[in-house]
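Hello,

Here is the structure for you to look at. My notes follow below it.

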Amino acid sequence: MADMGKTEVKSNDLVLSIVQETLREKTRLLPTVSQYEAPKGAQSVRVPRHDQFSAESKGENSGLTSQALTYSFDEITLDKQRSILSRVEDIASIQSSSDVNVEILKDMSGELAKAVDAAIISELKSASSSAPDHLLNYAGGAGAANVAIADIVNARKLLREQFLPMNDGKLWMCISPEVESNILKLSDFIDASKYGARNQVAVDGYIGSVLGFNVIVNANLSAADSLFYHSSAVGVAFSQQPTFETARDLTNVATEYLCSLIFGAKVMNSGKMACHYS
């Protein structure tokens with residue numbers, strides 16, 4: 001676990017627990033991808049992967065070919081530093097009817113969560129364009145209203161061809177609010193609110209499932225975007241967990257607030273474990 005940082009005014013444990021809890025609650029996509037530990041001092045995290053063996057036919061009096069298991073790696077560069085700085089003058093804080101400190105704390109954490117989601121979406125959108133192409137157009141033409149079962153079936157086929165597990169509960173379909181209205185009309189869609197399944201998937205934005213995909217809605221997507229992926233499609237690692245610091249600004253009779261984190265996100269396996277429809 002990375003260094004949790006320091007606060008100059010408030011209790012470390014209390015403040016950081018609020019920041020990190022809010023980040024976990026607000027980050028919708030982080031629970032749907034793979035997370036890795038970053039060693040202290042590391043600038044990147046290497047995630048190993050290997051190729052597949054292939055079965056040979058054995059004929060009489062013929063030998064088999066020795067096969068080597070070749071390893072390579074995906075590298076998550078820890079280069080995304082996201083920070084929010086704000087200054088609140090004492091008069092505004094004192095005369096506010098709400099707890100300004102708590103509101104700033106939660107709002108900053110929520111914005112950092114959006115930044116993490118945006119980085120994950122950016123990586124998922126960089127799915128492979130080499131044959132077979134994982135950057136796709138809807139069968140019915142461009143536009144959110146054209147999402148059809150045929151598109152979902154095709155995405156499932158492309159992911160299956162990568163030998164990804166289809167029944168481990170880690171297949172995701174992330175859609176925009178515009179696509180959601182169309183998905184709800186599909187006969188194969190299982191609405192979590194109607195069948196008591198909402199609590200079975202602990203991800204904010206989860207609305208149900210279709211053809212084995214857990215469906216979540218994220219407003220960071222463009223109107224016609226749909227992302228299909230396995231949890232192993234993107235790796236995320238934190239070099240610095242969210243920190244929250246305060247300092248007095250005596251010149252302006254105010255308090256400065258800083259919330260910050262450092263992380264990296266990377267699409268894995270050359271983008272073959274995700275599909276992007278637009």
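A salt bridge joins the side chains of Asp90 and Arg248, at 2.9 Å from N to O. The term means a side-chain nitrogen of Lys or Arg within 4 Å of a carboxyl oxygen of Asp or Glu. Asp90 sits in helix 2 (residues 90-94) and Arg248 in strand 11, so the pair ties together parts 158 residues apart in sequence. Helices (H or I, at least four residues) and strands (E, at least two) are DSSP runs, numbered from the N terminus. Arg248 is partly exposed, at 42% relative accessibility. Buried is under 20% relative accessible area, exposed is over 50%, and partly exposed lies in between (1.4 Å probe, protein chains only).

This is a predicted model: local features need pLDDT of at least 70, side-chain atom pairs count only at pLDDT 80 or more, and totals for chains, interfaces and linings use all residues. Residues are numbered from 1 along each chain as its sequence is written, and side-chain values use heavy atoms, without hydrogens or water.

The whole structure has five salt bridges. One of them links Arg87 and Asp249, at 3.5 Å from N to O. Arg87 belongs to strand 4 (residues 80-89) and Asp249 to strand 11 (residues 234-249), so this pair ties together parts 162 residues apart in sequence. Asp249 is buried, at 12% relative accessibility. Arg87 is partly exposed, at 46%.

Now the sheet. Seven strands form an open sheet in the order 5-13-10-6-9-8-7, with mixed pairing. Strands pair if DSSP finds at least two bridges between them. Strand 6 (residues 171-175) and strand 9 (residues 213-217) run parallel, over four bridges. Met173 has Val215 of strand 9 as its bridge partner.

Best wishes
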